[in-house]
Amino acid sequence: MKVKKIILGRKVSIKDVVNVSRYNYSIEFSEEYINRVNKCRRYVDKFSRDGQAIYGITTGLGDNCDKFINEEDREIIQRNTILSHTCSVGEPLEKECVRAMMFVMLVHFGTGHTGIRLETLERIKILLNNDITPFVPKHGSVGYLCLEAHIGEVIIGEGKVYYKDELLLTKEVYKKLNLKPIVLSSKEGLTIVSGTTSVTALTALAVYDSITIAKTGDISGSLSLEVLKGTLMAMDDRLMQVRPHEDQRYTADNIRNILSGSQIIEKYKGCRVQDALSIRCMPQLHGAAKKLIKDSMKTVEIELNSSVDNPLIFDGENDDGTAVMGCNADGSYVGMAADTMAIAVTNLAKMSERRIDRLINRHVSGLPAFLNKDAGLNNGLMIVQYAAAGILGEMRIAAHPATIDNVPTCADQEDYVSMGYNAALKAYECVKLSKYIFAIELICGTQALDFYDGLKPSPATKRVYDTIRKVVFPIVTDINLHPCIENVAELVKNQKIIECVENVVGKLIF
């Protein structure tokens with residue numbers, strides 16, 4: 001089978017991050033990438049020899065920026081920079097998150113403005129291409145530094161890595177593969193721990209999955225509308241035209257297309273004057289959430305293709321180069337995008353949980369209590385709504401913005417920090433949790449369809465029904481529901497629910 005690869009040197013996308021982190025695409029460097037890395041490195045070597053005071057090249061870091069470092073000591077300080085920053089704690093980040101970080105490092109460090117050596121970038125590439133994943137504890141970052149250092153210690157031959165499903169000392173794996181530790185040179189330790197690596201990587205994964213969640217929400221919401229005998233009046237395009245938010249209109253289009261051809265919708269047309277807001281307001285809330293997700297996606301894709309180190313190196317007069325000190329390493333753009341995305345996805349889940357409640361609540365659904373033919377003896381789907389409510393509670397906590405926080409660090413040299421990593425981590429976790437709520441709604445909607453003998457659902461929702469019935473059989477007596485929810489959540493994450501609908505109605509608009 002042909003190995004899928006990404007050649008760095010061009011613009012990259014969020015999809016590229018996902019392909020490398022999740023699907024093990026290999027990495028190659030283009031000639032352009034190699035040339036710009038080598039050119040920038042020559043400038044750094046010259047700065048180092050000349051002894052000009054340049055942050056992180058000839059000086060210490062943080063509050064030590066006024067301490068000059070002799071040339072013979074610069075390899076020592078780069079190694080010390082990595083080791084002193086390995087302070088993150090707790091359980092490890094998921095493998096896909098660490099792989100995403102390493103890919104973002106290759107993209108950011110290879111812009112031709114950081115001065116890192118090609119040899120060091122090659123090591124990161126070798127780690128990725130050989131599925132060697134550093135052990136990176138997930139807690140303890142204000143927006144950069146600590147998590148990145150745990151990848152850095154693997155580059156220099158320290159720390160631990162996952163290799164062939166085992167957690168091993170890096171030294172052992174290097175010995176097996178005949179790899180030597182990298183000895184970092186001027187500025188390289190700083191570059192590795194600086195920037196927006198972890199913030200960008202985790203937010204990119206969260207953005208990708210939030211798009212999946214938003215499309216799935218249109219599908220699960222359509223199914224709920226159908227089995228609750230809802231009306232499509234609230235999806236009328238005339239309403240959308242006079243409030244011209246495009247994402248609102250696209251959501252209504254999606255729902256009408258998904259429910260086209262439904263005998264259930266046709267039979268119960270005019271059954272009620274109007275539906276509850278969790279049904280009637282889908283274009284408005286889903287649309288607003290999609291807009292925030294799209295704004296976040298734009299921010300992340302700009303950040304992916306940015307130079308975010310400090311200092312950054314530029315061409316100067318007479319091919320000398322110049323170092324400019326500032327703070328492109330700040331994580332506010334992506335951190336705020338992550339905060340916003342957590343709010344968007346939590347709102348989508350909030351509405352889904354309300355639809356779940358209506359599906360199982362006989363007082364409003366017109367369906368058997370808890371979608372159960374033998375109520376009393378069996379609880380049916382009573383408790384899945386409890387689970388959804390509990391998960392939503394976690395998400396609401398995560399939706400509180402992290403980037404408004406501030407704790408000064410480094411003896412007040414860094415008196416402001418973005419807290420972008422905390423925002424990215426909770427956005428990633430929030431999106432991961434949300435798939436369970438939509439899985440529960442899909443299970444309930446599918447179960448409800450079994451009470452419509454003789455009436456055909458729409459071709460699209462019938463396809464959803466068939467897809468879910470492959471992993472969850474009709475629930476007649478009480479069973480262990482955990483594997484049912486996990487199985488459908490996996491269908492949601494892997495876009496199988498979206499695929500089965502798009503095979504009927506064409507591509508859903510996002």
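K294 lies over the face of F510, 5.8 Å from the ring centre; a charge counts as sitting over a ring if NZ of Lys or CZ of Arg is within 6 Å of the ring centre and within 35 degrees of the ring normal. Please note that this is a predicted model, in which local features need pLDDT of at least 70, side-chain atom pairs count only at pLDDT 80 or more, and totals for chains, interfaces and linings use all residues. Residues are numbered from 1 along each chain as its sequence is written, and side-chain values use heavy atoms, with hydrogens and water left out.

A lysine also lies over Y268: K229 is placed over the face of that ring, at 5.3 Å from the ring centre.

I turn to the aromatic pairs. A search of the whole structure finds three of them; rings of Phe, Tyr and Trp (its six-membered ring) pair if their centres lie within 6.5 Å, and planes under 30 degrees apart count as stacked, over 60 as edge-to-face and the rest as tilted. One of these pairs is F29 with Y33, which is stacked, at 4.4 Å centre to centre and 25 degrees between the planes. F29 is buried at 10% relative accessible area, and Y33 is buried at 1%; buried means under 20%, exposed over 50%, and partly exposed in between, with a 1.4 Å probe and protein chains only.

Y268 and Y452 have ring centres 6.3 Å apart and planes at 80 degrees, so this pair is edge-to-face. Y268 lies in the loop between α12 (263-267) and α13 (277-280), and Y452 in the loop between α18 (420-449) and α19 (459-469), so the pair ties together parts that are 184 residues apart in sequence. Helices (H or I, at least four residues) and strands (E, at least two) are DSSP runs, numbered from the N terminus. Y268 is partly exposed at 21%, whereas Y452 is buried at 6%.

How do the axes of α18 and α19 cross? They come within 10 Å and cross at roughly 105 degrees, which makes α18 roughly perpendicular to α19 (65 to 115 degrees). The axes are lines fitted to C-alpha atoms, for helices over the stretch in contact, with angles from 0 to 180 degrees between N-to-C directions.

Finally, the sheet. Three strands form an open antiparallel sheet in the order β4-β6-β7; two strands pair if DSSP finds at least two bridges between them. β4 (133-134) and β7 (166-169) stand at the edges, each with a single partner strand, so one side of each is left without a neighbour in the sheet. T133 stands opposite Y162 in β6.

Conventions. Angles under 35 degrees count as roughly parallel, over 145 as roughly antiparallel, 65 to 115 as roughly perpendicular and the rest as oblique.
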